[in-house]
Structures are given as structure tokens and as C-alpha cells.
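Try each task before you read its solution.

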Amino acid sequence: INVGQNILILDGSPLSKRRQLLSGLHSIYALASLISPFVISLLIRNDFDWRLGLKLFSAVPFLALVYSLV
């Protein structure tokens, strides 16, 4: 998925915005890798079942998909 996102930016963005978009994409990767351990530890501390955590994490992209279709 990450390679596909990079290719989409390289193919679909104007040359003047390409660096900015790639930098933003990599910043989001870094933010996600920093935040995810904190979210997991918060779920564990509050006795969340891992299945429930997976459902909660998968709900976010699903809601984004539904929003984009509406």
C-alpha cells in the first residue's frame, strides 16, 4: 500500500507540489509509528480485547469509505 501511495503521488501530482506531498505522506507514516504504541498501551491498560481494538481501528477507514461514497 505504501508503494502504491508513493506511485500515485508521483504519477498524479503536479511537479510543483510533488515534494510537498511526498513529505506530508512520510510525515504521516512517522506520526502513525509514534502514536500506535501509545494507543495499544492505552487499550491494554483499559482491558480492551484485541478483537475489539481491531474492530475499532478498522472502523475508521470504513467510515472514511462510506463518507467518500456519500
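**Exercise 1.** Find where Phe62 sits, and decide whether Phe62 is buried or exposed.

*Solution.* Start with the element: Phe62 lies in helix H3, which covers residues 50-69. Helices here are DSSP runs of H or I with at least four residues, strands are E runs of at least two, and both are numbered from the N terminus. Next, check the cut-offs: buried is under 20% relative accessible area, exposed is over 50%, and partly exposed falls in between (1.4 Å probe, protein chains only). Phe62 has 51% relative accessibility, so Phe62 counts as exposed.

A quick note on the model: it's predicted, so local features need pLDDT of at least 70, side-chain atom pairs count only at pLDDT 80 or more, and totals for chains, interfaces and linings use all residues. Residues are numbered from 1 along each chain as its sequence is written, and side-chain values use heavy atoms, leaving out hydrogens and water.

**Exercise 2.** Work out how many helices and strands the protein chain has.

*Solution.* Count each kind: there are three helices and zero strands. Reading from the N terminus, you get α-α-α.

**Exercise 3.** Find the partner of Arg51 in a salt bridge.

*Solution.* First, the rule: a side-chain nitrogen of Lys or Arg must be within 4 Å of a carboxyl oxygen of Asp or Glu. Arg51 pairs with Asp49, with the closest N and O atoms 3.7 Å apart. Now look at accessibility: Arg51 is partly exposed at 46%, and Asp49 is partly exposed at 38%. Searching the whole structure turns up one salt bridge.
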